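The structure is shown first.

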Amino acid sequence: MTTWLREETPHDMFRFLREGDEGRHQTARVTADGAAWLASAAGGRGSALARWEARPASPATLPCGTAFDVVNVDPVFGRRMLDKLWTEGPGSGPVAVHRGRTMLFTAPGTAQRLPALLDWEEWGDAVPRPLCHGPGDAVTVPPLVPSGSAGPRWLVAPDTRHPWLPGPEVVLWACVRAVRAASADVRVSIFPPADPGANVYDVSRRR
């Protein structure tokens, strides 16, 4: 167990996070319980967590495959996915933005299963191919505390030791709904294009 997970640390990180959460519900701010969940992803990597503890306003690199997988998508498409998850679906787990990409934290196993589901899905070819990070991969996560500088940041920060994480079927559902939403404004006509020289009559008001 690293010093970051003790009740009292040199920087008293958990107390700092708890005091910052009092009376506030900020989706972009990591809570003490959320920090504990992030720490669990590193397992016994004490040196990495010790560096993060000393510099809580700096990003960190954490391995995937144990506490979470990450689905990394195009930013515009990612916003559409989140809109569907939040307005029509079950919501999302933690979500971050890094280097212009949207990073959805998902249940372990999602990185392996999602590409196969997309290959089987009728709308799969219309989905901008996501980057799926699972076992053996590591991702950069935003700072524990907002730094105000350009870099990774939380859209939905972890706020519990056991956050709900969408699995591959839920992420697939969001992908399909996002594609359909983007296609809704595209009108397809079964009639050939009109002759530009032909006379056109408005018959919509006939009775």
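How many aromatic pairs does the count come to? In this predicted model, the count comes to 4 aromatic pairs. Two of them are listed here.

| Pair | Centre to centre | Angle between planes | Class |
|---|---|---|---|
| Trp-37 and Phe-68 | 5.4 Å | 55° | tilted |
| Phe-105 and Trp-154 | 5.5 Å | 40° | tilted |

Trp-37 sits in helix H2 (residues 32-41), while Phe-68 is in the loop between strand E1 (60-63) and strand E2 (69-73); the two are 31 residues apart. Trp-37 counts as buried at 5% relative accessibility, and Phe-68 counts as buried at 0%.

In the other pair, Phe-105 belongs to strand E4 (residues 101-106) and Trp-154 to strand E7 (residues 153-156), so parts 49 residues apart in sequence are tied together. Phe-105 has a relative accessible area of 0% and is buried; Trp-154 is buried with 6%. Trp-37, Phe-68, Phe-105 and Trp-154 form one aromatic cluster.

The second topic is helix packing. Helix H4 (residues 75-87) packs on helix H6 (residues 168-183) at an angle of about 110°, with the axes 8 Å apart. H4 is therefore roughly perpendicular to H6. Residues making the contact include Phe-77, Met-81 and Leu-85 of H4, and Val-171, Trp-173 and Ala-178 of H6. By class, this contact has 12 nonpolar, no polar and 3 charged residues.

For the protein chain overall, there are 6 helices and 7 strands. Buried residues make up 43% of the 207 residues. The chain exposes about 12,300 Å², of which carbon and sulfur atoms supply 51%.

Conventions
Residues numbered from 1 in each chain as written. Predicted model: local features only at pLDDT ≥ 70, side-chain atom pairs only at ≥ 80, totals over all residues. Heavy atoms only, no water. Axes fitted to C-alpha atoms, helices over the stretch in contact; angles between N-to-C directions. Helix = DSSP H or I, 4+ residues; strand = E, 2+ residues; numbered from the N terminus. Parallel < 35°, antiparallel > 145°, perpendicular 65-115°, else oblique. Contact = heavy atoms within 4.5 Å. Nonpolar A, V, L, I, M, F, W, Y, C, P; charged D, E, K, R; others polar. Buried < 20%, exposed > 50% of the residue type's maximum accessible area, 1.4 Å probe, protein only. Areas by Shrake-Rupley, 256 points an atom, 1.4 Å probe, with all protein chains shown as cover. Phe/Tyr/Trp six-rings, centres within 6.5 Å; stacked < 30°, edge-to-face > 60°.
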